[in-house]
Amino acid sequence: MWSYLGRRLLVSVVTVAGIVVVVFFIMRILPGDAAAVRAGPYASEEKLEQIREQFGLSDPVPTQFVNYVRDAVRGDLGTSIRTGGKVTEELLIRLPASLELAFYAVLLAVLAGVPVGIVAAARRDTWIDRAARVVAVLGSSMAFFWLGLMLTFLFFFRLGWFPGPVGRLAITTEPPETITGFFTVDAALAGNWALMWEAFTYLALPAVTVGFVLSAPIIKIVRSSMIETLDSEYVRTARALGVPHREVLFRDGFRNALIPVTTAIGIIFGYMLGGNIIVELIFAWPGVGRYAYEALRVNDLEALQGFVIVVGLLYIVLNVVIDFVYSWIDPRIKLGQRVVA
Amino acid sequence: MAALLIVVLLAAACGGDEEEPAATTAAASPTTAAAEEAPATTAAEMEEDEAPATTAAEMEEEEAPTTTAAMEEVVEKPIIVASLADTPNLIELHTFRTTSAYAVTNAVYEPLIKQDLVEQANGLLQGSFVDHHGAGAETFSIEATADGGFLATFTIRQGQTFNDGTPVTASDYKYVFDRSIEGPGYIGLLLPFVGIASTDQIRVIDDYTLEIETTVQSPLFQRFLTFQVFGAMNRAEADANATEDDAWAFAYYNDKGGGSGPYWVSRFDPDNEVVLEPNPGYWDAASLPNAGVIIRPIPDANEKARLIAAGEIDVATGIPPRLLAVLEDDPNVTIWASQTTGVHYLAMNQTIAPLDNVHVRKAIVNAVPYRALIDNVMYGFASPAGGVVTSNMETWDSSIGDQFRQDLDAARAHLEQSGMEDLTLLLGVRESRLGDQEAAVLIQDALRQIGVTVDVQILPDGDFSGRINANELPLFIHDWFSWGEDPFYQMRFLTTCGQFVNYARFCDEAYDALVQEGTFTTDPAVRQSVSSQAQQIFFDQAVWAPLWSSDRTSVTHRCVTGVVQDYTRIPVFTEMSKIPGC
């Protein structure tokens, strides 16, 4: 396992270097002038030049790249031209909000999608299966923004069951002391159950919005994997031998279907790590997606670069975790062993 | 609920019974809090007492119980929750920033003087264009000098402090002017308008007396002095946080307020939340009708409108006209609309062919559907612009401005005179401006009717700015609002030769001479005369198509009072409150 980790670390370093290079140069070819936005309407050429110099934008691109890499290695992803703050700090402040939303949304998607997929496969071609397929199609075809707006309209504005889309907590509520950055967890750790409940109520609508849409691919993958497994010869043999239905379904069927499902969940979670810009905008969620959106609007290159690099790093970590999950699900998969055909 | 769902589904898979999921309910937390405050000492009392200032930290620790009968009265003041047009990015006083960020600094920095407020029939508190009163300065006088300038003398109020307890002195006001003139910010570019170019013109006579001497007699002088960018800055704090590379502590103040105004910034989280708490050392703290302000950006305008209607936020700006028209029927919402002197315009870059041809420009000016834009893009929340000097501005000449109207026959005639055929023009608009994009479509359609093809290109704001600076966009929609609302200031910046924001690159020496004359005269008759002549040149040269003057609109919950409109169009919170029991 250690040799596997070592190799993954090496590959990760190369991957991160690749991300940095690609992101840096793509940002440089984007049209626009961040200095002009920063300077505002009273932007004399001297003023623009002064800003470019202040933020290192007037240096030759290779010099900018060397400076950027040197600082990035030290954890400094530059200064946002929009806020004047350190990008690393600004991303780290916002990341927990996105991760908390992603975690609960994916959790909801899995908790809803996996059972529905299993049931649909187990009751193939019944009304349950057809209903599950309808749900999957609805989820696949529904846009985040539409669902988010409808949910807030219905459950906040009309029924008043959930709070309005003002962020992670009520406007006048003080957030819990930061331990993990997840308000639900930090409030629980502080023993403040009312605050934890409040955090859950504010999470509910955005998490359901994302969770419902993300549950669609999970339903499809679980269903098709389960059907494939349940049609396999060893399952038929197990049934012929009189193994109980429940045992066949979960021990033989579901466990073997878990590998593609894990892959799908990993991809979905990775996608969510970068924050969901639309959902964060609709629910005023203070995550990295919204940060990236604001940065993109005004060509805040350092902020955008930092965002992409941090998300890339999270992807890499996630992939390693998924590899470990594979080996846990299927003991035949040995990390670090070469497969000889 | 999710766990229940699993149980249900797994039970179904295994032949179990179905169960109904339980409904989840949540009660929204209240959005306002009643703050209990002991009545603050009046400014007059503070002056008499000259009590040593208490730091904010000390005040928190002390929270001394009030014992006198007069102080037993508990005043409940609401916290105001605001969601403004954009997200606050930084609060450095002399750095260009977003409107929300200007609203924060407006609440934090106290200028020497302020506009008198006049209550309108609809309850709106409108800043007077004529009358000003002392703010950071208790009294002030402005005299004409023999050299053709002004000498202004200000007596700084004693007893007022910054939020850390440091007393405000004349030196703090001089510091902010010095910083404007010599610092790296943009404010220094504006001061020559009022005849200030050197720090020597700002003199500290003693701790509480400040003199400002100008080299010209500009009508804008008093108006300039009301701007937040000339509010006292805590000089001791700034000096302590200055560095060799940053002598004026710009980096330090990116996320901190250093003013002596009604509020101080107790929390600044860019894009997410700003909390303004009353500054106990503010000279008029007793009159503040609220217990603080929370600014929470709500990026989605639809959600913002719903939150206002539901009473979750008290005041919002930046609601698009389309939604304002819907909200007009909502009994829980009050829309405060008032005309302004700002301008939205279709610029025609005269360095790019065929827009160097005046007849092409006139054809475009005549083709623009001005009324349709106000009705269908602004939903009536605008008035005709009528030129670079807009229809609500002093010295606007209606005999000229009213000629900006759609006349397709005249447009075709000008196009024929230009000798141009089969024209195709690029029209750039900003991605963040939905109204501009809608206007572009209507303009595209109108120009199609005279045989001009327009390609509308929606550009990210950064790209847009870069392209207009580089003269790469022939047609584009832009907007402007002049703090101080002075016609010559507006003309000078937007349309005189060589100005960096003269994006149309119009240049006419006779025009410039008129603007120069009007800028530095206080005689109303002369100002009117030269303004009219300049407006005529602007019209004859078809510099822009002035599209509309958008209203300043704020939306509040019906219980909110004290909406102010001053020279800057920046939201003001100092008068804002809620009707008790509403």
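In chain B, strand S4 and strand S5 (residues 125-134) run antiparallel and are joined by 6 bridges. Strands here are DSSP runs of E with at least two residues, helices are runs of H or I with at least four, and both are numbered from the N terminus. Two strands pair if DSSP finds at least two bridges between them. One facing pair is Leu117(B), which stands opposite Gly127(B) in S5(B).

These strands belong to an open sheet of 3 strands in chain B, with the order S4-S5-S23 and mixed pairing. At the edges lie strand S4 (113-119) and strand S23 (564-565) of chain B, each pairing on one side only.

## About the model

This is a predicted model: local features need pLDDT of at least 70, side-chain atom pairs count only at pLDDT 80 or more, and totals for chains, interfaces and linings use all residues. Residues are numbered from 1 along each chain as its sequence is written, while chains are lettered from A and ligands numbered from 1 in the order in which they are written.

## Chain B as a whole

Chain B comes to 19 helices and 24 strands. Of its 582 residues, 50% count as buried; a residue is buried if 20 or more other C-beta atoms lie within 10 Å of its own, exposed if 12 or fewer, and partly exposed in between, with C-beta atoms placed from the backbone.

## Where the chains meet

The contact takes 61 residues from chain A and 53 residues from chain B. Two residues are in contact if their C-beta atoms, placed from the backbone, lie within 7 Å. On the side of chain A that touches chain B, H5(A) gives the most, with 8 residues. The residues of that side of chain A divide into 35 nonpolar, 15 polar and 11 charged. Here Ala, Val, Leu, Ile, Met, Phe, Trp, Tyr, Cys and Pro count as nonpolar, Asp, Glu, Lys and Arg as charged, and the others, Gly among them, as polar.

## Backbone details in chain B

Let's look at some loops. Between strand S15 (343-348) and helix H11 (358-367) of chain B we find Pro354(B), which a cis peptide bond joins to Ala353(B), with omega about 5°.

Tyr379(B), in the loop between helix H12 (370-377) and strand S16 (382-383) of chain B, has a positive phi near 50° though it is not glycine. Tyr379(B) counts as partly exposed because 17 other C-beta atoms lie within 10 Å. Glu485(B) also has a positive phi, near 55°, and is buried, because 23 other C-beta atoms lie within 10 Å.
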